[in-house]
Each structure stands twice: as C-alpha cells, then as structure tokens.
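Student: Let's go through this one piece by piece. I'll ask, and you show me how you get to each answer.

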Amino acid sequence: MLTIGLLTPRSQLYPSLGTDWVGGLRSFLRQAGLQDSVKILTENIGFGTDEGMIYSLAEKLVLQEDADIVFLYAEPRVAEIISPLFTASQKLLAVVHTGANFPDNREAAPTTLHLSLQFAYLCGLTGKLAGCQPEKEAINLISFYDGGYRQCFAMLHHHQQEGGVPAFNYVTPLQQSDFSLDPVAGFLAAHPSTKTLLCMASGAEAGTLLTQLAPLQQQYGLRIWGNPMMLAEIPGRKEDEPGAELSGFIPWYPGSDNPGNQFFLQTLSADKGKRPNYFSLLGWECGLLLERIIQTGQDKAATGWVEDLVQTPLNSPRGYLQTDPVTHELHGPAWLGWRRMDGTTGADSVPTDDAADWASYAQFRMPAGESTSWRNTYLCI
Amino acid sequence: MHEVKALICCNNPISIPGIREFLFYGKVAAIVITRRNKEMRHILEHLLEGTGVPLIQVQKKNFVPALRDALDMYQPTVGLLKTFPFILPPELLAMPPRGFINFHYGLLPECRGPQPVLRHLLNNDTHAGVTVHKMDAGIDTGDIILRERVPIADDDTYGSLQTKLAFLGGKLAAELLRILSYATVLPSVPQDESRARYLEMPTADELTIRWDRMTAAEIRRLVNACNPWNKGAGTSLDNWVVGVTEVKDMGESLNDDQAPGTILACNEAEGLLVKTLDQRRLKLTILYTNEGFFSGERMAALGWKAGQRLV
C-alpha cells in the first residue's frame, strides 16, 4: 500500500479550493477502486507563505510517516527548497499549482514533478495571439493581486515579442472601495483608436471588471484578452450574467466531448453533487498520477516513476498530459476559450498543442535583474 | 527553525553574492580570507562596515590553528567554503554542528578540481553550474545538497560566465540558508563516482592556440575562456608571445593555399585577419602584449603583416 501525504492549501478568495482538490482526488480513487490501495495523510499549509512550516510537515511525512509520495499544493519557489529532501530520501514530490509562476531553475530535481494548470504558459500564448493581431497598441489592465505572478510577465512579454506595444498600463487599486476604471476610460476617450486590452484578474474582481468593461468595450470596439481565471467560474457571479466579451487560452474546456472529460464530469456530479472546477480537475489528475504509479509498481521507487511518466502520457479530462523530460512539468493542450457578452462561455473544439510553443516555454528563464512576487500560492489569499 | 550562524571562508569575488545573502539575514559569525588577497580584503571591509562581523586573515602556514581559534571563539553552527584555497583537515571539518559546506563553482561530479569555470569552457561544455556539497576528507567529493546548471552562451567569456555563476551562487546560498533553518536533517545525495573527473589546473599548452589543430570555433572558445583572467589565449610570431583577447569569425577564407595561422591582412581597413584550419578568416580584434592591449590593426605598427605565420 502506498502512503500519500497531502499538503493542502487554504483560500478565502476561492474557499472551496482545498476541499475541491482533495475531493477530486478521492473521487478518482473511488471510481478506480484504488481507495484501499493508498493511505492518505493530510496536513494544511494555509496560504503557502510559511516555508518553515511546509518544510517541517514535509520532513515529518517523509522521515516519520515514511510517505512514498507527497502532493504539495504550493508555488514552485517552495518546491525548490523542499526538493533536496525528496531527492535524498528517494521519495516523490508532486508540486501542484495553477502554473501562475514558473521556477527560476527550469531543470527539475530527479524526484520532483510539477502538475499545474499552466497559467503562465497559457497567458504567454494569449499575449502572443493578441500581439499577432493588426491592432498593436494595447491597454494593459492588471489587478493589483494578479500582477504579482509571472503569468502577468508572460502575457505582456509575448504580446510585445509579436510587435505589441503597451499604450497604457493600469493596475487596479488594492482596496475594492477604491476600484475605478476612470483612468482607463479617460485614456480611451483621448485615444479611441486603441482597440486591444489585455486583462488579468481573479476572484470577485474579475467579475467587477467584466461588468465595468462591457460599456467601454461597446463604446470603443475593444477586443479584450484575458487570463484563465477571467474565463472560469467567478465567485459570486451568475453563470450567464452579461458582461464584456473576451478570449484567452485556458487549460481545460468543461464542454469538451472527449470521453475522459465526460466521465470526469459525470463522476464528480454524482459523487459531490457539484460541477467540477480547476481545483477538482487537479485533484482528479493527482489520482491519474497515482494510478499510473501503482501500475508501474512500488518497487520502482521515485526515479523510476518519473522516468515512466516521461514516456507515458496520461489521459486527462483536458487531453493528454505529457511529462516534460527536463522540467518534469505535466502539460496538456491549450484551449482557446471565450466569454460572450451574454455571459455564455465556450472554447474552440480543437485545442492547440504546439510542441514548439511548449519547448520555448520550458526553456524560458526570467531576464536577469530583480523581480518580486507575492509569496502566497496563487489564489490562496 | 534552527539557529544558523556561519563561518565563511572565501577567496574570490565570485563568492560575494552568496555572502550577501547570509549577511543580509545576520547569519554570519565571521569571515576568513587569505592575508595576501588584497582585493577581497578591500571588498569585504566595505561590505562588512557597520555589521560588527569580524574579518580574519590567515596565511597558509598558520591557517589551521587560526581557523580552530575562530571556530572556538565564534561557535558557528556551520562552516561555508567558497573558493578557499587551503584544504581543511578532518578535525576542523567536524567542529561546527552542521559541518562544513562547500560552494563549488562547477558541476559535480564531472568537474572536480581547482578551476571548474575554466574547465567547463575548455571542455566545450554546454552548461556550467554551481554545486553545494558537504565537505568530507576528499576534494570536491562530499554529498550534494544543491546543484543547478546554467547554459554557457556562445559568446560567454570566463568573466561573463563567472558573473553568472556568482549570482547563481547567491541564489543557492539563499536556498541553503532556508534549508539550514528548516531542516532537522540536512538532505544530501552521494556523488556518482562513475561520472567523476578530477581536472587539474590547465597547463600553458592548453591555453595556447594551436593553429594547425584548432578550428575557428575552437579558437574562439579558447580565447573566451582566457578572457579576462589570462589576458587572452597565447600565440606567437617570431618567438614573440602575445595574448589573443577577442576574436571574430569573418567568414570563409578564399586563400586555400595558405597554411593555418597565416596572417591574411593587417591593416586599418580589414583589421588583423588570420586563416584557420577550417578555412575561416578569423579577425583578432584585441590582443595583449607587455606594452598593453591593442586592436588587431595596431599590430601593423609593431611589424605584423600579411604572409607572416602565427604559431
């Protein structure tokens, strides 16, 4: 029997994040008949800011509980200091996150995997697609919170690499009571020929932006590109509530008719009585990982499991997940999603899966020089 | 959290970014350098101003008792070595509770030895890196805690690569500090001895351009590897040895009958062009002589001309 450690997150922005993640994993194990093949030990690590606490809990799981695998829901930055513990003890560390950040060191430790929603990669693809459009000048509208993650850099960098020009940068105020798009409206009034807007937000603020951008979009004919959280279910917002129209690459299209996705939706709905989301998807994929590891055999140990995964795609609800041989990131296809003014959402029926795009991202390093970031795991505030 | 207080022994500015990390968080008990190293003394005196951290200078003949005294006096929890030139005996290595940890500015186990930065360049490696490892009785043989690679760019010189590695060393120092603070047991992995190589200091021959054996790309790599620390890769004309500090490949040579090393031109318009083994025209843009650094075309004033042959 495998012993699994789960280091679970907490979020006020998405309160069900942790339970949805664990729920997705448990649902997978139950439908696969594996719930008795694993022993699960769970610890909560809050917002992911206390590295000392995370390290201590990981050390306890590995050295005292003899966990074979630890799933850590945290940013890659945390993984970089915890990986040596797992390399030394030949245990598997699976770092689970949204992919809003990518690590400084793009070469993963031998027994560390990254399972993410690839947000930085997808934002880069969105920026690149926006930059390819004829209208090069863009307004960059970034939330105070979302701007503190590398997905923001990825979107703007790739937009500019394709010839995009930042015409106006606006960071929304920290306090909701100070929220206003007047500066953006003022810029558009003075520069009505600017037609592109790159937008990054999450949580309730994403909903506020969708509402307040709609009249500006109609007045000035804006084409709006957004990050995945602007195209996902938004807390406190009705499913078909009207708002601005936007496009952007997303990691998973719930409406996909691929059999794996349909099975995932049905199972979660029957099991939990709720619709799956990004977090339950990640949990389900952790289950897929465990299933593959069990099939590979416990005697192989962590390096053997990683080697096997590099050779073996996993059939996920979002498409096939390949494990990059250098970064050990599991990556799937990118879906071009949209949200219409009437609130409906959708995606192109055929996702993008360009090996060259992925290879470029996997080798990318932040430019030399200082940069800062929030310490919280993305969406865990 | 575990207390961290480091005694740092260093000898090269490459170690400064890593020292800064520990210094910033107040985790340095004392710093040890060699008495002869005026450059490091100057840098560290400035860096340590107002910190209260003592700077200890040792000589080869007395460094063991001097270090023992420092370890007794300052009671560090860990010792860090960063390019320190003297070999510490086992009894010193065992004194701090967490032992001594070395920052090797090269990839282990493939590049053990005193000049890993240079060796990575001379070996035409695609990557260099920094390895942080526990010290044991051997040289560069201890279990590895952290190891990270950086790509070597096509135009990297020794100096630019050293700078990259210095900042990488800083990053790894920050990670090591956190691990030392959090870990009950310091995690490490034994080196794979099947991949281990000990590479000595390069000989003068290894730092000399062999026009009859080396391609333009190989010459360029050697020249970059010697820039700036050696002032350039060696070559000579009529027994006059000069250093070639920078070169540029100017394309294919049409002078098929000229031997490799032949000067094709040495003038204001074309610069100093030399033919290579693989039929390329290599422009020697900067050279070093005892009289100073000169542009290639300046060598005409010193008697260099087309038709002469470098060896």
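This is a predicted model: local features need pLDDT of at least 70, side-chain atom pairs count only at pLDDT 80 or more; totals for chains, interfaces and linings use all residues.

Student: Okay, so which loop does Asp238(B) lie in, and is it buried or exposed?
Tutor: Asp238(B) sits between strand 8 and strand 9 (240–252) of chain B. The cut-off for exposed is over 50% relative accessible area. Asp238(B) comes in at 65%, so it counts as exposed.

Student: What is the phi of Asp238(B)?
Tutor: Most residues other than glycine have a negative phi. Asp238(B) is not a glycine, yet its phi is positive, at about 50°.

Student: And Gln279(B): where does it lie, and what is its phi?
Tutor: Look in the loop that runs from strand 11 (271–275) to strand 12 (280–289) of chain B. Gln279(B) has a relative accessible area of 29%, so it is partly exposed. Although it is not a glycine, its phi is positive, at about 65°.

Student: Which residue does a cis peptide bond join to Pro228(B)?
Tutor: Pro228(B) also has its place in a loop, this one between helix 7 (216–225) and strand 8 (233–237) of chain B. Omega is about 10° for the cis bond, and the partner is Asn227(B).

Student: Switching to helix 2 of chain B, why do its buried residues line one face?
Tutor: The helix covers residues 38–47, and Met40(B), Leu44(B) and Leu47(B) are buried in it. An α-helix has 3.6 residues a turn, so residues three or four places apart point the same way. Lys38(B), His42(B) and His46(B) are exposed on the other side of helix 2 of chain B. Seen down the axis of helix 2 of chain B, the buried residues line one face because they fall within an arc of 55°.

Student: What covers those buried residues of helix 2 of chain B?
Tutor: The cover comes from elements of chain B. It includes helix 1 (16–24), strand 1 (6–10), strand 2 (28–34) and strand 3 (55–58).

Student: In the largest nonpolar core, which residues touch the most other members?
Tutor: Nonpolar side chains tend to be buried together in soluble globular proteins. This core has 93 residues, and the two that touch the most other members are Phe71(A) and Leu213(A). Helix 9 (residues 278–296) of chain A gives the most to this core, with ten residues. Among the contacts of Phe71(A), beyond its neighbours within four places in sequence, are Trp21(A), Cys286(A), Leu289(A) and Leu290(A), and the names you asked for are Phe71(A) and Leu213(A).

Student: How many residues are in the second, separate core?
Tutor: Its members include Ala6(B), Leu168(B), Ile219(B) and Leu282(B). The count for this core is 92 residues.

Student: What gives the most to the lining of the largest cavity?
Tutor: The structure holds one cavity of 30 Å³ or more, and the largest has a volume of about 40 Å³. Its lining residues include Phe102(A), Tyr121(A), His158(A) and Phe364(A), and the lining divides into six nonpolar, two polar and no charged. With three residues, the biggest contributor is helix 4 of chain A.

Student: And the largest pocket: what gives the largest share of its lining?
Tutor: The largest pocket has about 2,100 Å³ of space. Of its 47 lining residues, Asp104(A), Arg150(A), Glu370(A), Ser371(A) and Lys171(B) lie nearest the centre. The lining splits into 21 nonpolar, nine polar and 17 charged. Eleven of the lining residues, the largest share, come from helix 6 of chain B.

Student: Last one: what does Val326(A) touch, leaving out residues up to four places away in sequence?
Tutor: Val326(A) is in the loop between strand 12 (319–323) and strand 13 (329–331) of chain A. Its relative accessible area is 44%, so Val326(A) is partly exposed. The residues it touches are Arg106(A), Glu107(A) and Ala108(A).

Note on methods: Residues are numbered from 1 along each chain as its sequence is written. Chains are lettered from A and ligands numbered from 1 in the order in which they are written. Side-chain values use heavy atoms; hydrogens and water are left out. A nonpolar core is a set of buried Ala, Val, Leu, Ile, Met, Phe, Trp, Tyr and Cys residues joined through side-chain atoms within 4.5 Å. Buried means under 20% relative accessible area, exposed over 50%, partly exposed in between (1.4 Å probe, protein chains only). Helices (H or I, at least four residues) and strands (E, at least two) are DSSP runs, numbered from the N terminus. Contact means heavy atoms within 4.5 Å. On a 1 Å grid over the protein atoms alone, a cavity is a set of points where a 1.4 Å probe fits but cannot get out, and a pocket is an open set with protein on both sides within 12 Å along at least five of seven lines; lining residues have an atom within 4 Å of a point. Grid points are joined across faces, edges and corners, and a volume is the space filled by probe spheres set on the points. Ala, Val, Leu, Ile, Met, Phe, Trp, Tyr, Cys and Pro count as nonpolar, Asp, Glu, Lys and Arg as charged, and the others, Gly among them, as polar. The arc is that of the directions from the helix axis to the C-beta atoms.
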